[in-house]
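Subject: Structure handover

Hello,

Here is the structure I said I would pass on.

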Amino acid sequence: MKIVLFLALLCIVTYCNASDRQRERVNLRVKRASKIKVQFSLTNCKCNGYEGGTQGGGPRPFRITCKKVSKKKKTKKNKNNVPTPVANDCTFIGNPHTCSDYNNNNQKKFYDELIDVIAPKQCGNLNLAGAPCPTGTFNTKKTCKDIDYTKNR
């Protein structure tokens, strides 16, 4: 009886270890592509950009978060005594995979150029009510001039 109990416990332990290893293998296969991070700075505004998505082709969301940089600790208020926004978070969509330069290890260069085009407009909107995201079509006109990014609706 003790031998049967011992064998049953051994089987359970072996099964649990095997299923953990299987789960680790599956997780390695669907591991997300590393996100590309870029930055942009003006005197009074700092922005961070992040490429979203997973491995493979298709559209890539590009998220840009901008915030006001102020040496003063107080929050400025507008004429209605409501604090003005100090940050905004916008996502833009485009498919850079049709660009051969992007596909040849120039992803960071592409996103550096793209944030340079979008971020100044996004920083300018921080002074507007609700800090809206910039709209329209944005294009790097350098690395991948045929790739357009638009605000995600």
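Cys 45 and Cys 123 form a disulfide, with 2.0 Å between their sulfur atoms. Cys 45 lies in strand 2 and Cys 123 in helix 3, so this bond ties together parts that are 78 residues apart in sequence. The torsion about the S-S bond is about -75 degrees, so the disulfide is left-handed. Buried here means a relative accessible area under 20%. Cys 45 has 2% relative accessibility and therefore counts as buried; Cys 123, at 8%, counts as buried too. Please keep in mind that this is a predicted model.

How many disulfides does a search of the whole structure find? There are 4. Numbered in sequence order, the bonded cysteines pair as 1-6, 2-3, 4-7 and 5-8. Two more of these bonds are described next.

Cys 90 is joined to Cys 133 by a disulfide, S to S 2.0 Å. Cys 90 is in strand 4 (residues 87–94) and Cys 133 is in the loop between helix 3 and strand 5, so the pair ties together parts 43 residues apart in sequence. This link is left-handed, with -95 degrees about the S-S bond. Both Cys 90 and Cys 133 are buried.

Cys 99 and Cys 144 also form a disulfide, their sulfur atoms 2.0 Å apart. Cys 99 sits in the loop between strand 4 and helix 2, and Cys 144 in the loop between strand 5 and strand 6, so parts 45 residues apart in sequence are tied together. The torsion about this S-S bond is about -75 degrees, so the disulfide is left-handed. Cys 99 counts as buried at 10% relative accessibility, and Cys 144 counts as buried at 1%.

Now back to strand 2, where Cys 45 is found. Strand 2 pairs with strand 1 (residues 37–42) in the antiparallel sense over 6 bridges, and the two form a hairpin with 2 residues between them. The bridge partner of Leu 42 is Cys 45. Strand 2 also pairs with strand 3 (residues 60–68), again antiparallel, over 7 bridges. In that pairing Glu 51 stands opposite Phe 62.

The C-alpha atoms of Gly 49 and Ile 64 are 4.3 Å apart, although 15 residues separate them along the chain.

Among the buried residues of helix 3 are Phe 110, Leu 114, Ile 115, Ile 118 and Cys 123.

For the chain overall, there are 3 helices and 6 strands, in the order α-β-β-β-β-α-α-β-β from the N terminus. Of its 153 residues, 27% count as buried. The chain exposes about 10900 Å², of which carbon and sulfur atoms supply 55%.

Regards

Conventions. Residues numbered from 1 in each chain as written. Predicted model: local features only at pLDDT ≥ 70, side-chain atom pairs only at ≥ 80, totals over all residues. Heavy atoms only, no water. Helix = DSSP H or I, 4+ residues; strand = E, 2+ residues; numbered from the N terminus. Buried < 20%, exposed > 50% of the residue type's maximum accessible area, 1.4 Å probe, protein only. Areas by Shrake-Rupley, 256 points an atom, 1.4 Å probe, with all protein chains shown as cover. Pairing = 2+ DSSP bridges. Disulfide = S-S within 2.5 Å.
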